Each structure stands twice: as structure tokens, then as C-alpha cells.
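Good morning, and thank you for coming.

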Amino acid sequence: MKEEFADIQYAQIKEYNYTQWFNEKQYNGKILSEPERKEFISVVDGIIAQHSEGLPLMISILEDAKEQHDEYHEINRIVTSVYLFVLITMIDSMVAGKYFILADRDYDRRFMRGKLFVILNEGFKKLYGFNDKSHKNSEWNRLLPIMKYFPEVINRQYQDLTYLLEKQSHTSSWWKDERNFETHLDIEKLYKSRQEEIVESKVMMDSMKLFNALMAVSNFLGNVHTCIFNFLVGKYRRGELSE
């Protein structure tokens, strides 16, 4: 068994230009043709399948670490928990977008647009928040206390992303009114909200605001996991970790 791990190497932390995931998208008013619609759904299905594959492993990690309270497991549990939130929210936003595109009846499309806006609002609120109160309870803020355990490059990326997420939290209403109408079934306001013209490209570009922010955070968490992996590699090489 020891020979199998003899050449284990440290993994490389990746450099990212996180700004690319926060550039404002322009609406072009385009309506997808039937072939384009099928191609889009195929791509979305691939993304859903890809990201959902890792969910059982993350749940397993959280379950295995539940009774272990040393520093390493506490840090890994926080990172894995935040990562799980990111992946599930990415998948949910893609599923909602998929069924918005697939809806072939007017009311179905209006219904799915409303449900998509709920996911976008709640997703960003939980990811980063819109004010001091919601930010304090956000998944992003959960990472702040453990940043002291990571190298300077990770802390720099965390600060870069914090700046971009903070800026994005103030760029729009994030469909707060629509979220309230849909969630609390404020019927008259909900009816009026659902009568607004549907611009397909606008709805989908709006939905990408959350998905792209989650993609940026997912890549960052990939680097955080790289550091955790390298920590274990170091312990193994020093003979402090058995295979």
C-alpha cells in the first residue's frame, strides 16, 4: 500500500480572474429556435449531471466528520458544507431555467419565471446577503474565520471575491418583490407580477447572475480544497499520516 502513495504530489492552486464571472450581461431579445432550444437543454442537462455527481461524496464527508471535532475536521466540515450549498443551488437554478425554457404554455412560463426568481433571490441572499444582517448569516461569511489557516494566495482570492460579491449585492433588487409575491402568495400583486411581458433572453441572462457568482465561488472552493489536500500530503510525507 505504501508504494502506491510513494509519488503523491502537492496539487497546484489555480489563479483565476474572478471578474469574468461578474461582467454584466446584455439582453439581445433573442428567442431560441427549436434546434437551439434542444441544444441548450442538452448543455444544461450535462451541467446538472456533472455537478450532481459530487453530492453523495460531500454528504458522506459531512457524515463521517460529524463526531470528529479536531481543528482539521472542523475546517473541512465548514468548507464541504459551503461547497454543498453552492452545488445544490447551482443545480436548482439550472433546473428552474431548464423548465422555464421547456414550458410550452403561457401560464407555465410565467409560473416558472416566478419560481426561478425565488431561487435567484434566496440563492444570493444565502450565498452573500443583501445587508449586514443577511451577510452575517451567509455561507460566504462562514468561511471568514477559517481563512487564517490558509496561505496568502487564498486570502487574496477571498478578498477579491468579497469585493465582487459585495458589489453585485447592490447592483439590482435581486427580484425581492417577485420573491415576496411568490413565496407569500400575495395574490393580487402576484397576478400583476405574472402579467409582465416575458423576454426570454432577459430571464435567462438574469438567471446567469446567480449561476456565474456560484461558479466563481465554486472555483475558489476548489482551491481551498487543494490546500486541504496539500496539508494531508505534507502530513503523509512527514510520516504523520498513515495510508
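Ile228 has a relative accessibility of 8%. Because a residue counts as buried under 20%, Ile228 is buried in this predicted model. Its place is in helix α10. Which residues does Ile228 touch, if those up to four places away in sequence are not counted? They are Tyr72, Asn76, Val79 and Phe150. Please also note the distance to Glu200: Ile228 and Glu200 are 28 residues apart in sequence, and their C-alpha atoms are 42 Å apart in space.

One of the partners of Ile228 is Asn76, so let us turn to that residue. Asn76 belongs to helix α3, which covers residues 71-102. Is Asn76 buried or exposed? With a relative accessibility of 11%, Asn76 counts as buried. Apart from neighbours within four places in sequence, Asn76 is in contact with Ile61, His225 and Ile228.

Asn212 is found in helix α10. Asn212 counts as buried because its relative accessibility is 11%.

Let me now step back to the whole chain. The protein chain holds 10 helices and 0 strands. Its C-alpha trace spans about 65 × 40 × 35 Å along the principal axes. Of its 243 residues, 44% count as buried. If we take the contacts between residues at least 6 apart in sequence, 79% of them join residues at least 24 apart. As for the surface, the chain exposes about 14000 Å², and carbon and sulfur atoms supply 54% of that area. The chain carries 32 positive and 37 negative side chains, and the centres of these two sets lie 4 Å apart.

Next, the interior. In soluble globular proteins, nonpolar side chains tend to be buried together. The largest nonpolar core here has 57 residues. Those with the most contacts inside this core are Leu127, Trp140, Leu143, Phe150, Leu165, Phe220 and Leu221. Which helices each supply at least two residues of this core? They are α1 (34-52), α2 (55-64), α3, α4, α6 (139-143), α7 (152-168) and α10 (200-237). Helix α3 gives the most, with 14 residues.

Not counting residues up to four places away in sequence, Leu165 touches Phe22, Phe124, Leu127, Tyr128, Trp140, Ala213 and Val217.

The buried residues of α8 are Glu178, Arg179, Phe181 and Glu182. Seen down the helix axis, these residues fall within an arc of 165 degrees, so they line one face of α8. On the other side of α8, Lys176 and His184 are exposed. The cover over the buried residues of α8 includes α4 and α9.

Helix α9 covers residues 187-194, and its buried residues are Leu190, Ser193 and Arg194. They are on the same side of α9 because they cover an arc of only 90 degrees around the axis. The face turned away from this buried side carries the exposed residues Glu188, Tyr191 and Lys192. What do the buried residues of α9 pack against? They pack against α4 (106-127) and α8 (176-184).

Finally, two loop residues with a point of backbone geometry. Most residues other than glycine have a negative phi, and most peptide bonds are trans. Trp175 is not a glycine, yet it has a positive phi of about 55 degrees. Trp175 lies in the loop between α7 and α8. Leu185, also not a glycine, has a positive phi of about 50 degrees. Leu185 is in the loop between α8 and α9. How do the two stand in terms of exposure? Trp175 is buried, with a relative accessible area of 9%, whereas Leu185 is exposed, with a relative accessible area of 52%.

That concludes the presentation, and I thank you for your attention.

Key
Residues are numbered from 1 along each chain as its sequence is written. This is a predicted model: local features need pLDDT of at least 70, side-chain atom pairs count only at pLDDT 80 or more; totals for chains, interfaces and linings use all residues. Side-chain values use heavy atoms; hydrogens and water are left out. Helices (H or I, at least four residues) and strands (E, at least two) are DSSP runs, numbered from the N terminus. Buried means under 20% relative accessible area, exposed over 50%, partly exposed in between (1.4 Å probe, protein chains only). Contact means heavy atoms within 4.5 Å. Accessible areas come from the Shrake-Rupley method with a 1.4 Å probe; for residues, only the protein chains shown count as cover. Lys and Arg count as positive and Asp and Glu as negative; His and the chain ends are not counted. The place of a charge is taken as NZ of Lys, CZ of Arg, CG of Asp or CD of Glu. The arc is that of the directions from the helix axis to the C-beta atoms. A nonpolar core is a set of buried Ala, Val, Leu, Ile, Met, Phe, Trp, Tyr and Cys residues joined through side-chain atoms within 4.5 Å.
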